[in-house]
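Me: I would like to go through this structure term by term. For each label, please give the rule and then the value.

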Amino acid sequence: MRILTNFMNSPQFIEGVQNERIEVSCSDAWPDVRKLLKSADIIVIDCRDLLLYRICIHFLLFPWTRKPLVAVDLVLRIPVHWKQRVGALMKRVLLLRVAHFIHYFRDISGYTRHFGISAARSSFVPFKVNIQDIRLSPAEFGDDYIFTMGRSLRDYDSFIRAVAALPYPAAIPEFSFNDFEGKDQAFAWTKDNVPPHLTILPDSGSSEDLVRNIAKARLVVIPTQASSICASGLSTYLDAMYLGKCVIISRGPGASDLLTDQALLVPPHDVAALKDAIQRAWEDDSLRKRTAELGRDYALSLGGEEEFLQRVFRRTLELSL
């Protein structure tokens, strides 16, 4: 058996369900993938680009070439405008060529409602920590501020309004503040009118800057939009947990369907609840440290890239596609 994937860090061979040796071919370029389709038995695609849809179109046009296709971490949004609704309809048609979907969250109700992706065609596989290879000295850790970051469907308006009502220092990286998904004309905050105790941190967006900024945080807050139907903020909160930080996150897929006491969960867009959670975690050392410890245990249990890929390929082989 041969697996074709665009997970470029995949091993050349993996062990099958019955201990057989399975070859893995890797490519993220469509011309190469198209050539390798003939020799592949199963295709496993990490869906952060257009490669999945190109394969679906290929199978639609040339149905006799179709092979079992597994889509991993397909990120979808609720269609709002007419162009998005037309796009969602086209995606529904193309995604019928996908045999199975692997998600990093359990609550797929939004995917079912808007894109026809059923539980029968879905599996949950836990994600991973992304920063295990970055090392910090004890001097680089601190309890300096409430920290937030990220671009995927963030609700920074609620965050800023919550910290404005509190006396504690807060921080957000410049790249997050300037360019987050969902930012529109209703977002009235600028560098000039944010609360004086909220610092806009210079940040290149690199993993190193991310880790250094999180390491200095007393709390890490991930406020997400209620419209999120997938695991927005997942990577950020796992990295924060790995660094031993207490995490506060909005309820929704990838959060309240996976976490219990490993983080403090608040309703999305609820400024009062967010303010209360921040205040409790900042002032209650026992609550903050206990939550951080449980979060770190959870993050450590997931491992890194190697363990994650093993989970993805093992689940794929168990499907008997």
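Me: Why does Cys56 count as buried?

Reply: This is a predicted model, in which local features need pLDDT of at least 70, side-chain atom pairs count only at pLDDT 80 or more, and totals for chains, interfaces and linings use all residues. Residues are numbered from 1 along each chain as its sequence is written, and side-chain values use heavy atoms, with hydrogens and water left out. Buried means under 20% relative accessible area, exposed over 50%, and partly exposed in between (1.4 Å probe, protein chains only). Cys56 has 0% relative accessibility, so it counts as buried.

Me: How do you know that Cys56 is in no disulfide?

Reply: A disulfide is a pair of cysteine sulfur atoms within 2.5 Å. By this rule the count comes to zero disulfides. For Cys56, the nearest cysteine sulfur is that of Cys47, 8.4 Å away.

Me: Which residues of α2 meet α3?

Reply: Helices (H or I, at least four residues) and strands (E, at least two) are DSSP runs, numbered from the N terminus. Contact means heavy atoms within 4.5 Å. On the α2 side these are Leu52, Tyr53, Cys56, Ile57 and Leu60, and they meet Lys91, Leu94 and Leu95 in α3. By class, the contact has seven nonpolar, no polar and one charged residues. Here Ala, Val, Leu, Ile, Met, Phe, Trp, Tyr, Cys and Pro count as nonpolar, Asp, Glu, Lys and Arg as charged, and the others, Gly among them, as polar.

Me: At what angle do α2 and α3 pack, and what is the handedness of the crossing?

Reply: Axes are lines fitted to C-alpha atoms, for helices over the stretch in contact, and angles run from 0 to 180 degrees between N-to-C directions. Helix α2 (residues 51-61) and helix α3 (residues 82-95) pack at about 65 degrees, with their axes 9 Å apart. A crossing is left-handed if the near helix is turned anticlockwise from the far one by less than a right angle, and right-handed if clockwise. The crossing of α2 and α3 is left-handed.

Me: Is Met90 buried or exposed?

Reply: Met90 lies in helix α3. Its relative accessible area is 54%, so Met90 is exposed.

Me: What makes β2 and β7 edge strands?

Reply: Two strands pair if DSSP finds at least two bridges between them. The open sheet of seven strands has the order β2-β3-β1-β4-β5-β6-β7, with mixed pairing. β2 (13-15) and β7 (122-124) each have a single partner strand, so one side of each is left without a neighbour in the sheet. Neighbouring strands of this sheet are turned by 25 degrees against each other on average, direction ignored.

Me: How do you know that β6 pairs with β7?

Reply: Three bridges join β6 (residues 100-103) to β7, and the two run parallel. Ile102 stands opposite Ser123 in β7.

Me: What pairs with β9, and which of its residues are buried?

Reply: Strand β8 (residues 145-147) pairs with β9 in the parallel sense over two bridges. The bridge partner of Ile146 is Ala170 in β9. Both faces of β9 (residues 170-173) are covered, with Ala170 and Ile172 buried on one side and Ala171 and Pro173 buried on the other.

Me: Why is helix α8 called largely enclosed?

Reply: Eight of the nine residues of α8 (residues 234-242) are buried, so the helix is largely enclosed by the rest of the structure. Among them are Leu234, Tyr237 and Met241. The buried residues of α8 pack against α7 (207-215), β11 (217-222), β12 (246-250) and α10 (285-302). Just after α8, Gly244 takes a positive phi of about 80 degrees.

Me: Which residues is Val221 in contact with, leaving aside its neighbours within four places in sequence?

Reply: Val221, in strand β11, is in contact with Ile146, Phe147, Thr148, Met149, Phe159, Ile248, Leu274 and Ile278. At 0% relative accessibility, Val221 counts as buried. Cys246 is 25 residues from Val221 in sequence and 8.5 Å away in space, C-alpha to C-alpha. Cys246 also counts as buried, at 1% relative accessibility.

Me: Where does Asp73 lie, and what is its phi?

Reply: Asp73 lies in the loop between β5 (69-72) and α3. Its phi is near 60 degrees, a positive value in a residue other than glycine. Most residues other than glycine have a negative phi. Asp73 has a relative accessible area of 17%, so it is buried.
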